[in-house]
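Please open the structure in a viewer and keep the selection tool at hand.

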Amino acid sequence: DLHTHTVHSDGRRRITEMAAAATSAGLDFIVSTDHNTNSANRAWAATKNDGLEVIAGEEVTTRHGHWLAIALPPGCWIDWRYAPRDGVFATYAERVRADGGLVVAAHPSVPLPGCAWEFGYRDVDAMEVWNGQWNVDDELSLRIWHQLLRQGRRITAVGGSDSHASSQPVGRPQTVVYSQGLSKPDLVDGLRRGRCYLAESS
C-alpha cells in the first residue's frame with residue numbers, strides 16, 4: 001500500500017495499529033505518507049515490524065495538488081508551500097529522485113479544493129490511478145494515464161488505499177511489485193521500471 005496515514009497527520013490509527021492492519025491485509029510493504037510531516041517516519045524507524053517493510057515517505061500536500069515522495073532518507077522532509085507559478089516543483093522532485101526515491105502524483109482528479117493536480121506530469125515518475133474505493137475520479141485518472149501513454153510518456157500507474165480510518169481498509173487497493181527482494185531499493189527499482197500492477201486486495 002503506497003498511500004497510508006496515521007495519527008501523525010490526519011489518520012486515526014497509531015503506528016502499531018497501521019502495522020497490524022497492513023499485516024492482516026496480507027501486505028509485504030507499505031509506504032508511510034502522512035501529510036507534510038516526517039514524524040511518522042521517525043516513529044516507524046524506532047518500531048520493530050516483523051515481516052512488514054515500511055518505506056519512509058510523505059504526502060506533500062500543496063494547495064495545488066498532492067504528491068507522494070516515496071523512499072525518503074531518514075529525517076527528510078519536503079516543503080509544500082508553493083504553487084505551479086513558482087516553478088520549484090521540479091527542484092523538489094529532483095531532490096527526491098537524487099536521494100533514490102520516487103515522485104507520484106496522488107489522486108490527481110479529485111475535485112476538491114487543493115487536491116486536483118496542477119503541476120503537470122513532466123516531473124513525476126508515477127501517478128496514482130486508483131485511490132481508495134474505485135469511483136469516477138479514478139476513471140478520469142485512468143483516462144489521463146492512458147492518454148499520457150498514447151503520447152509516448154511512459155509513466156507508472158500505482159494505487160493506494162489512502163487509508164485514514166478503519167472504514168478505509170488498508171491494502172484496498174494495492175500495488176503489486178515485481179522486485180528482486182523486499183528491500184527499499186529493490187521495491188523502488190521495480191516501481192520505477194513499471195514492473196507492477198494494481199489489485200483490489202491480496
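Begin with strands β3 (65-70) and β4 (102-106), which are among the elements that cover the buried residues of α3. Here a contact means heavy atoms within 4.5 Å, and buried means under 20% relative accessible area, exposed over 50%, partly exposed in between (1.4 Å probe, protein chains only). Helices (H or I, at least four residues) and strands (E, at least two) are DSSP runs, numbered from the N terminus.

Before continuing, note that this is a predicted model, in which local features need pLDDT of at least 70, side-chain atom pairs count only at pLDDT 80 or more, and totals for chains, interfaces and linings use all residues. Residues are numbered from 1 along each chain as its sequence is written, and side-chain values use heavy atoms, with hydrogens and water left out.

Next, select helix α3 (residues 89-98), whose buried residues are F89, Y92, A93 and V96. Viewed down the axis of α3, these buried residues fall within an arc of 100°, so they line one face of the helix; the arc is that of the directions from the helix axis to the C-beta atoms. An α-helix has 3.6 residues a turn, so residues three or four places apart point the same way. Turned away from the buried side of α3 are the exposed residues T91 and A98. After α3 comes G100, with a positive phi near 90°.

Now select helix α4 (residues 136-150). Its 15 residues should span 21 Å at 1.5 Å a residue, and the end C-alpha atoms are 21 Å apart, which agrees; the expected span is 1.5 Å times one less than the number of residues. Which residues of α4 are buried? They are D137, D138, S141 and L148. Seen down the axis of α4, they fall within an arc of 95°, so they line one face of the helix. These buried residues pack against β5 (126-131), while V136, R143 and R150 are exposed on the other side of α4.

Stay with α4 and inspect its ends. At the start, a side-chain oxygen of N135 lies within 2.9 Å of the backbone nitrogen of D137. Just after α4, G152 has a positive phi of about 90°.

Finally, select N49, in the loop between α2 (39-45) and β2 (53-62). N49 is buried, with a relative accessible area of 18%. Not counting residues up to four places away in sequence, N49 touches A19, W44 and V54.

Notes: A polar contact is a pair of N or O atoms within 3.5 Å; within protein, one must be able to donate a hydrogen and the other to accept it, and residues adjacent in sequence count only if both atoms are side-chain atoms.
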